[in-house]
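Colleague: Hi! Could you walk me through this one, a bit at a time? I'm new to reading structures.

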Amino acid sequence: ADVRWATLTDTSGLGLLVKGKNLNISAHHYSLENLTEAKHTVELQDADITTFNVDFQQQGLGGDNSWQPKTHTEYLLSKRSYQYEYRVKTIEVKK
């Protein structure tokens, strides 16, 4: 969270540079479909791809315990339009 820039490269040094303000960045070896459908982490299956997510904001998931699953008010996203921008550039990191 609150990322201004991030890079993602392969073993040869080729990759992407992402720049923006207050971004949320994640990278993983699971497909979006697998992440969406899995109910438990043991159901995640490594993919032959890397998924690189660039998001603006994310809402909290839940409360502090199993009997109070509501998200705390300060972690809720209000029902309004959100806009953000970022730039993506290809890079080559010399090794």
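Colleague: Is Asn24 buried or exposed?

Modeller: Asn24 counts as buried because its relative accessibility is 15%. Buried means under 20% relative accessible area, exposed means over 50%, and partly exposed is in between, using a 1.4 Å probe and protein chains only.

Colleague: Thanks! What kind of model is this?

Modeller: This is a predicted model, where local features need pLDDT of at least 70 and side-chain atom pairs count only at pLDDT 80 or more, while totals for chains, interfaces and linings use all residues. Residues are numbered from 1 along each chain as its sequence is written, and side-chain values use heavy atoms, with hydrogens and water left out.

Colleague: Back to Asn24, then. Which strand is Asn24 in, and what does its side chain reach?

Modeller: Asn24 lies in strand β2; strands are DSSP runs of E with at least two residues, helices are runs of H or I with at least four, and both are numbered from the N terminus. The Asn24 side chain reaches the backbone oxygen of Phe56 at 2.7 Å. That is a polar contact, meaning a pair of N or O atoms within 3.5 Å; within protein, one must be able to donate a hydrogen and the other to accept it, and residues adjacent in sequence count only if both atoms are side-chain atoms.

Colleague: Which residues make up the largest nonpolar core?

Modeller: Five residues do: Val3, Ala6, Val18, Leu23 and Val54. At least two of the core residues come from β1 (3–9), and β2 (14–28) likewise supplies at least two. A nonpolar core is a set of buried Ala, Val, Leu, Ile, Met, Phe, Trp, Tyr and Cys residues joined through side-chain atoms within 4.5 Å.

Colleague: Why would they gather like that?

Modeller: In soluble globular proteins, nonpolar side chains tend to be buried together.

Colleague: What is Leu23 in contact with?

Modeller: Leaving aside neighbours within four places in sequence, the contacts of Leu23 include Val3, Val18, Val54, Tyr84 and Tyr86. Contact here means heavy atoms within 4.5 Å.

Colleague: New topic: what about Asp2?

Modeller: Asp2 sits in the segment before β1 and is exposed, because its relative accessible area is 56%. Beyond its neighbours within four places in sequence, Asp2 is in contact with Asn22 and Leu23. Phi of Asp2 is near 60°, a positive value in a residue other than glycine.

Colleague: And what is phi of Asn22 near?

Modeller: Phi of Asn22 is near 55°, again positive in a residue other than glycine. Asn22 is found in strand β2, and it counts as partly exposed because its relative accessible area is 44%.

Colleague: Where is Thr50, and which side chain does it join in a polar contact?

Modeller: Thr50 lies in the loop between α1 (32–37) and β3 (51–55). Its side chain and that of His29 are joined by a polar contact of 3.3 Å. Thr50 counts as partly exposed because its relative accessibility is 38%.

Colleague: Last one! How many salt bridges does a search of the whole structure find?

Modeller: The search finds one. Lys94 forms a salt bridge with Glu92, with their closest N and O atoms 3.9 Å apart. A salt bridge is a side-chain nitrogen of Lys or Arg within 4 Å of a carboxyl oxygen of Asp or Glu. Both Lys94 and Glu92 are exposed.
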